Amino acid sequence: MFKFINRILFGGTYKVVHIDSTTGKRKVFWCCTWQDAIEWVACACNDDRVVVTDTTGFVLAAREA
């Protein structure tokens, strides 16, 4: 639990991946703050899956439609 909180508060760089299962397309966005990453998650209205990871590949958040 503490690793999760530390990664969010002090992480620095996040990768947001939007995946559309019907076409197989992936869109990748790099964010410098947690707030930016969450805003990209909210913008993924037409995509089936969204994953937020840190620079080490640790999954911090995921959403499936």
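**Testing the terms**

Modeller: Let me start in β3, where R49 is the bridge partner of I19. This is a predicted model, in which local features need pLDDT of at least 70 and side-chain atom pairs count only at pLDDT 80 or more, while totals for chains, interfaces and linings use all residues. Residues are numbered from 1 along each chain as its sequence is written, and side-chain values use heavy atoms, with hydrogens and water left out.

Colleague: What makes β1 and β3 a pair?

Modeller: Two strands pair if DSSP finds at least two bridges between them. β1 and β3 are joined by six bridges in the antiparallel sense, so they meet that definition. β1 (residues 14-19) also pairs with β2, antiparallel and over six bridges; there, V16 has F29 as its bridge partner. β3 and β4 run antiparallel and are joined by five bridges, with R49 opposite E64 in β4.

Colleague: Which strands are at the edges of the sheet, and why?

Modeller: The open sheet has four strands in the order β2-β1-β3-β4, with antiparallel pairing. β2 (26-31) and β4 (59-64) each have a single partner strand, so one side of each lacks a neighbour in the sheet. From one strand to the next, the twist averages 15°. Two hairpins belong to this picture: β1 and β2 have six residues between them, and G24 there takes a positive phi near 80°. The β3 and β4 hairpin has four residues between its strands, and G57 in the turn has a positive phi of about 90°.

Colleague: Where does α2 lie?

Modeller: Helix α2 (residues 34-42) lies across β1, β2, β3 and β4, running at about 5° to β1. Axes here are lines fitted to C-alpha atoms, for helices over the stretch in contact, and angles run from 0 to 180 degrees between N-to-C directions.

Colleague: Why is β3 called largely enclosed?

Modeller: Buried means under 20% relative accessible area, exposed over 50%, with partly exposed in between (1.4 Å probe, protein chains only). Five of the six residues of β3 are buried, so the rest of the structure largely encloses this strand. In the chain, 29% of the 65 residues count as buried.

Colleague: Which residues make up the largest nonpolar core?

Modeller: It has 10 residues: Y14, V16, F29, C31, A37, V41, A44, V50, V52 and L60. β1, β2, α2 and β3 are the elements that give it two or more residues. Such a core is a set of buried Ala, Val, Leu, Ile, Met, Phe, Trp, Tyr and Cys residues joined through side-chain atoms within 4.5 Å. F29 touches Y14, K15, V16, H18 and W40, leaving aside residues up to four places away in sequence; contact means heavy atoms within 4.5 Å.

Colleague: Are C31 and C32 buried or exposed?

Modeller: C31 has a relative accessible area of 3%, so it is buried. C32 is at 61% relative accessibility and therefore counts as exposed.

Colleague: How many disulfides does the whole structure have?

Modeller: A search finds zero. The cysteine sulfur nearest to that of C31 belongs to C32, 7.6 Å away. A disulfide needs a pair of cysteine sulfur atoms within 2.5 Å, so with its nearest cysteine sulfur at 7.6 Å, C31 is in no disulfide.
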